[in-house]
Amino acid sequence: MQESPLMTELFAYTDGACSGNPGPGGWGALLQAKDGDDIVKERELSGGEAETTNNRMELLAAITALETLSKPTQITIVTDSAYVKNGVTGWIHGWKRNGWKTSNKKPVKNVDLWQRLDAAANRHDVTWEWVKGHAGHPENERADELARAGMAPFKPGKAKS
């Protein structure tokens, strides 16, 4: 009997965090290559900024996960941000048609990051999934931990480690 070849799938679990909005923020991404339920390879990414918003950190988590991939890849991005999921799968099409203006003719907030996410996503075959945040989803919880770790050096009174 011949064994079937590995069917490896790539997932990126992303999250953003902010202490105050705006305030110090962080983003995290957990990239996993899986063969069925088995994790074949894993990579953690995180970072932060001194003065930002939660939405910007959510966007940066997804952007960084996609920009980290060196070649076009089929990937599932799992986010707890309805802003990111709804924006990239729906709103962005109208924004681009309207010259990056909303339906009310106002400039799109975070347009720099939306354009960067659009460019990064267009290099790959991306499936977008939303999960409820802080609901015990292990990979989402890990992405949240990474985001908080990315924010930690920017929080006032916190020792940098």
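1. In this predicted model, Asp15 stands opposite Gly28 in S2. The next pair to examine is Gly16, which stands opposite Trp27, likewise in S2. These pairs belong to the antiparallel pairing of S1 with strand S2 (residues 23–35), which is made up of eleven bridges. S1 and S2 form a hairpin, and four residues lie between them. Within that turn, Gly20 has a positive phi of about 90°.

2. Ala29 also lies in strand S2. Is Ala29 buried or exposed? With a relative accessibility of 0%, Ala29 is classed as buried, because the cut-off for that class is under 20%. Leaving out residues up to four places away in sequence, Ala29 touches Tyr13, Thr14, Arg43, Glu44, Leu45, Ala61, Ala65 and Leu146.

3. Strand S1 (residues 8–18) also pairs with S4, here in the parallel sense and over five bridges. Two of the facing pairs may be named: Leu10 stands opposite Ile75 of S4, and Thr14 has Thr79 as its bridge partner in that strand. Nine of the eleven residues of S1 are buried, so the strand is largely enclosed by the rest of the structure.

4. S4 pairs with strand S5 (residues 125–130) in the parallel sense, over six bridges. In this pairing Val78 stands opposite Glu129 of S5.

5. What is the order of the strands in the sheet? The five strands form an open sheet in the order S3-S2-S1-S4-S5, with mixed pairing. Strand S3 (38–52) and S5 are at the edges; each has a single partner strand, so one side of each is left without a neighbour in the sheet. From one strand to the next, the twist averages 20°. Helix H2 (residues 82–97) packs on this sheet, where it touches S4 and S5. The direction of H2 makes about 140° with that of S5.

6. The axes of helix H1 (residues 54–68) and H3 come within 9 Å and cross at roughly 25°. Why are H1 and H3 described as roughly parallel to each other? The crossing angle of roughly 25° falls in the class of angles under 35 degrees, and the two helices therefore count as roughly parallel. The crossing of H1 past H3 is left-handed. On the H1 side, the contact is made by Arg56, Leu59, Leu60, Ala62, Ile63, Leu66 and Glu67. On the H3 side, it is made by Asp112, Leu113, Trp114, Arg116, Leu117, Ala120 and Ala121. The residues of this contact divide into ten nonpolar, no polar and four charged.

7. The packing of H2 against H3 deserves a separate point. Their axes come within 11 Å and cross at roughly 95°. That angle lies in the class from 65 to 115 degrees, so H2 and H3 are roughly perpendicular to each other. H2 contributes Tyr83, Val84, Gly87, Val88, Ile92, Trp95 and Lys96 to the contact, while H3 contributes Trp114, Leu117, Asp118 and Asn122. By class, the residues of the contact of H2 with H3 divide into seven nonpolar, two polar and two charged.

8. Asp118 is located in helix H3 (residues 111–122). Which residues does Asp118 contact when its neighbours within four places in sequence are left aside? They are Ile92 and Lys96, both of which are listed on the H2 side of the contact of H2 with H3. At 13% relative accessibility, Asp118 counts as buried, because the value is under the 20% cut-off.

How values were computed
Residues are numbered from 1 along each chain as its sequence is written. This is a predicted model: local features need pLDDT of at least 70, side-chain atom pairs count only at pLDDT 80 or more; totals for chains, interfaces and linings use all residues. Side-chain values use heavy atoms; hydrogens and water are left out. Buried means under 20% relative accessible area, exposed over 50%, partly exposed in between (1.4 Å probe, protein chains only). Contact means heavy atoms within 4.5 Å. Two strands pair if DSSP finds at least two bridges between them. Axes are lines fitted to C-alpha atoms, for helices over the stretch in contact, and angles run from 0 to 180 degrees between N-to-C directions. Angles under 35 degrees count as roughly parallel, over 145 as roughly antiparallel, 65 to 115 as roughly perpendicular and the rest as oblique. A crossing is left-handed if the near helix is turned anticlockwise from the far one by less than a right angle, and right-handed if clockwise. Ala, Val, Leu, Ile, Met, Phe, Trp, Tyr, Cys and Pro count as nonpolar, Asp, Glu, Lys and Arg as charged, and the others, Gly among them, as polar.
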